[in-house]
Amino acid sequence: MMKFIKKYIADKEQQIRLEMKTNWSKRFSFEQGIGLVMFVAFILVIMTGVIAFNRFTGVVNKLSEETIAETQLLKAEVLFNELTDADNNVKSFSLSKDSIYLDQFYNNVTQITKKINDLEKIEKETEDFQVRMERLDFLVEEKLLILQDVLYLQDPFRVGQALKKVDDELNSLNTKSEIENKNLIQKMFRSTRRDAKESVDKLQKKIKTVRSEELKIELEIKEQELALFNRDKQVTTKIRNMLDMIQEGSLQRAARRAEVAARNVKETNQQIAIFCIFSGILLLVMGFIIANYVSNNKRYKKALRQAKREAEELGNAKSRFLANMSHEIRTPLNAIIGFTDQLAETPLAESQSEDLQMIQKSADHLLYLINDVLDLTKLQAHKLSLEKLNFCAHETMDEVMSIVATQAKDKNLKLLYDWHPQIPKTLAGDPHRLKQIMLNLLNNAIKFTSAGEVKMNCSVKLQNDVRTTFCMEVSDTGIGMNEEQIQKIFEEFEQAELSTTRQYGGSGLGLSIVKMLVELHKGIINVASTSGKGTSIKIEIPYLIGTDEQKIIEKKELSTDGFRGKRILIVDDEEFNRKLLNRILAKYAFVVSEAENGQQAIKEAEANEYDMILMDMRMPVMNGMDATRSIRRSENKILKKIPIIALTAATTQEEKEQIEALGINGFMAKPFKERALIEKMQKIFKTSSKKLIKTSMRDSKSKKAEKPVLNFDYLRSTSPRDDDFYCEMLQLFNKSLIEGMVEIKQEGIRKDWEAVANLAHKMSTPCKHLGADELYSLLKSIEKKGRTAGLEGSWEQDLSRLIELSHSAVSLVNEELTLKK
Amino acid sequence: MRTNERKLKIAVVEDNYFYNKILCRQLQTYTNVLAVENNFHFEIVSVTSAFDVSLFQSGEFDVAIIDYFLDENVLGTEVLKKIREQSSSCKALVISQSDNIVYKIKSNVEQFVEFVCKADRYAISQICYFVETAMEMKSESKR
């Protein structure tokens, strides 16, 4: 069954590990998937960006070209305006002959040339345009030539020429006149008046001729001008047409570019939309994968939690199973062992005695197995704690040797031991666990050795005044083990081979318990073995060196005085247990009554006066815990103080603590030995009767000093697993007692009896809880006397006794503290 | 400040440091079990002096466990009256080393007060039962 549970737990753990592994692998593939999708999405976004950038750059370029076309149109307009201006300036000049217009004209020419160049630079893309531009260039040139011609016609020197002609005519006339003058002088005297008149006529005639010539020229110029202007008009019209054509071409190209840009924008938008849709789909896919992953992850976590819960439940079930099985097995085992012991005390035939011994051995073996399983459970749950007691290790070894000697003898094996003289006589530690380690190792060695010897060597090392390391080596000449088998022997429920279990039997727990116990002691364990030759197991356990005075392992003779006639109520649902207890108690002359459950027990206890109740804890109708609680709450002062010993097969620490918290007086774990039960009962009776005895002693004014007996059980029960608290309370007890003594002495000197009474009252409480009953009684007596002014006469005597008792109490507490530390 | 439904606030006024510690320890152990079994929360406020301000700054108490004879000639019943000014429904348990104090208490305190003699071996168990009963009563009254 245990193997099955263990296997189940292992399978479950494996399943969880597998699920976790699967989870990890899914997580890994998820990360890859997400990474891939993110990479594709990233590439798409980059591509979208690049395409959008290129497309929009193209669109911007197209729009820029459109702007250029607009600039071109503007420049063409400006060119035409310049031509018109030039035209106007020429006309203005021809009319006004003002040189300003001429200057403006030449400015216009410069601007026109520049504009033509600009236009040529802007637009070169089509052949058609180039032809038009060449034509425009030609036309503009022609127009400018016409205008130049017009300007040539506007000769400013033409009047001068005309005047020069007149002047020439006049000069020729003058030359003729001088000649004529000479003749005239000669002829002066001839007829002056008539000659002058002739000259004027000639002059007028000449001027008239010049004028007519000039008029003729003027007319010719006018005609030429008109012809030039007509020509200019035609050229201007052509230029206008050409510019219009250029502008129209530009507009058409601009329209085409705009169309292309719009198309580009549209295409780009479509592409971006496609990329966006694709990216969106990818994001959706990614979201889905993530959501799926999260959902799966949650599922896995849930499954893991569930598996963990199941594993924990299984673990708890294992503990519960062990506790229940232990309880169920221990209860009948209690009867088997108990009745066997009872039977063994009766006169038996030899064969009957042998049979009985077999039953006893079997029962002991069964108990041993159960204890092993429970110990293992406690060790695994870290609930097993070690005691610190002074003990004689040699005695422990002797005890163990005497137990295993029979087995060795049965197999004809030599059982040897070597005890090193340097081993301290007393060690401080847990003798029960050392015994368990020794027993397990020796049992194991004997079990697997068919011939030869089993030897135990004990020694010490690393020893000083306080500490020592106890070394023990158990060697045999048995079947031995190979390396692989050695690796497995410390595992629970494992033996070297399956065949070993069949051949030699055993639970396979012994060595794993030994290993765990050694580790609990902070010790080390080593195995050396050769297959077919034997095995040697060495352990080293550190111990404090104990003191002989504090050694508590002692066996006392049972004193059963005072048992006769005491009334005991046995409460147990199992008839055979009641019968067994009845049989045992009857031997000590107790008067016994029985109850089958808690309810009956309460009724019985209320109806009759009992000296003690032996209460089973697990019972139907009302369990022992509820019954104890009810009794302790009783209004009946005698009943609520009745000593109760809990009898239980419960073995868990929690159950023990729970039972102890009820206010029980003692605890007996089933199966119990008769002697242990009687000792426990004796101790409890002694404690309850101590008060009466002491009163009687005081009454008889016996001056014999009695050491105050401290009982640490109560304090220990308040701190079952907390040594720190226990030690702290002990220190506190000593401190308050010492300080209280100092103060009470001072108040006594001052004879302030009220203060003495108050101090005694204060000091008495801790004494009660440490079982310092005599000290407590003395303090209460002092308090009472102090409050009734009756202390003056007895103070010296009371103080002397108080000092004596408190010193003893402090000393005992210090001893307990030393032991604990 | 009202205490919450599933919470029991306990005041321990005991001038003897030793007894105070041991009582609180036992109460703590006992109430830990009760807390788990009954889904209750317990809070223990412990003082060794009647003049400890933390006693009156901790809000309302459901249970008060008070020593009768306190230091500086203060009586537990006086402290109880003070506590009840703040916590009118506080259940009180007076503890004392002397058995006969019970009569004094009954004559001095109008409202119901339980008494436990510290000298009794089962005194602390009785105190624990008192706390458990208080818890049960509170639990039932809130139902």
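**Rings, cores and salt bridges**

Okay, let's start with F69(B): at 25% relative accessibility, F69(B) counts as partly exposed. That label means between two cut-offs: buried is under 20% relative accessible area, exposed is over 50%, and partly exposed is in between, with a 1.4 Å probe and protein chains only.

Quick housekeeping. This is a predicted model, where local features need pLDDT of at least 70 and side-chain atom pairs count only at pLDDT 80 or more, while totals for chains, interfaces and linings use all residues. Residues are numbered from 1 along each chain as its sequence is written, chains are lettered from A and ligands numbered from 1 in the order in which they are written, and side-chain values use heavy atoms, with hydrogens and water left out.

Now, the aromatic rings. How many aromatic pairs does the structure hold over all chains? There are nine. To pair, rings of Phe, Tyr and Trp (its six-membered ring) need centres within 6.5 Å; planes under 30 degrees apart are called stacked, over 60 edge-to-face, and the rest tilted.

Take F470(A) and Y543(A): their ring centres are 6.4 Å apart and the planes sit at 70°, so we call this pair edge-to-face. F470(A) is in strand β5 (residues 467-476) of chain A and Y543(A) is in strand β7 (residues 534-545) of chain A, so the pair ties together parts 73 residues apart in sequence. By the way, helices (H or I, at least four residues) and strands (E, at least two) are DSSP runs, numbered from the N terminus. Are F470(A) and Y543(A) buried or exposed? Both are buried.

Back to F69(B). Its ring and that of Y68(B) have centres 5.0 Å apart and planes at 80°, so this pair is edge-to-face too.

Next, the inside. A nonpolar core here is a set of buried Ala, Val, Leu, Ile, Met, Phe, Trp, Tyr and Cys residues joined through side-chain atoms within 4.5 Å. The largest one has 85 residues, and among those with the most contacts inside it are I744(A), L775(A), L23(B) and I127(B). Which helix gives the most to this core? That's helix α18 (residues 723-750) of chain A, with 10 residues. Now zoom in on L23(B): if we skip its neighbours within four places in sequence, L23(B) is in contact (heavy atoms within 4.5 Å) with V12(B), I65(B), I95(B), I124(B) and I127(B). A second, separate core has 47 residues, including A393(A), M438(A), I446(A) and I539(A).

On to charges. Side chains of opposite charge can pair when their charged atoms come close. For a salt bridge, a side-chain nitrogen of Lys or Arg has to be within 4 Å of a carboxyl oxygen of Asp or Glu. Over all chains, the search finds 22 of them.

One is between K515(A) and E519(A), with the closest N and O atoms 2.9 Å apart. These two are in helix α10 (residues 510-520) of chain A, four residues apart, about one turn of the helix. K515(A) is partly exposed at 26%, and E519(A) is partly exposed at 42%.

E739(A) and K735(A) make another, at 3.5 Å between the closest N and O atoms. They're four residues apart in helix α18 of chain A, so about one helical turn separates them.

Then there's D798(A) with K785(A), 2.8 Å from N to O. Here D798(A) lies in helix α21 (residues 795-820) of chain A and K785(A) in helix α20 (residues 773-787) of chain A, so parts 13 residues apart in sequence get tied together. D798(A) is buried, at 9%, whereas K785(A) is partly exposed, at 24%. There's also a network: D87(A), K143(A) and D232(A) are linked by salt bridges.

Last stop, the surface. A nonpolar patch there takes in L36(A), F39(A), V40(A), F42(A), I43(A), I46(A), M47(A), V50(A) and F278(A), with about 830 Å² of accessible area together. Patches use residues with over 30% relative accessible area and no salt bridge, joining like charges within 9 Å and nonpolar side chains (Val, Leu, Ile, Met, Phe, Trp, Tyr) within 5 Å; the areas come from the Shrake-Rupley method with a 1.4 Å probe, and for residues only the protein chains shown count as cover. Helix α1 (residues 2-96) of chain A gives the most to the patch, with eight residues. I46(A) sits in that helix and is partly exposed, at 42%.
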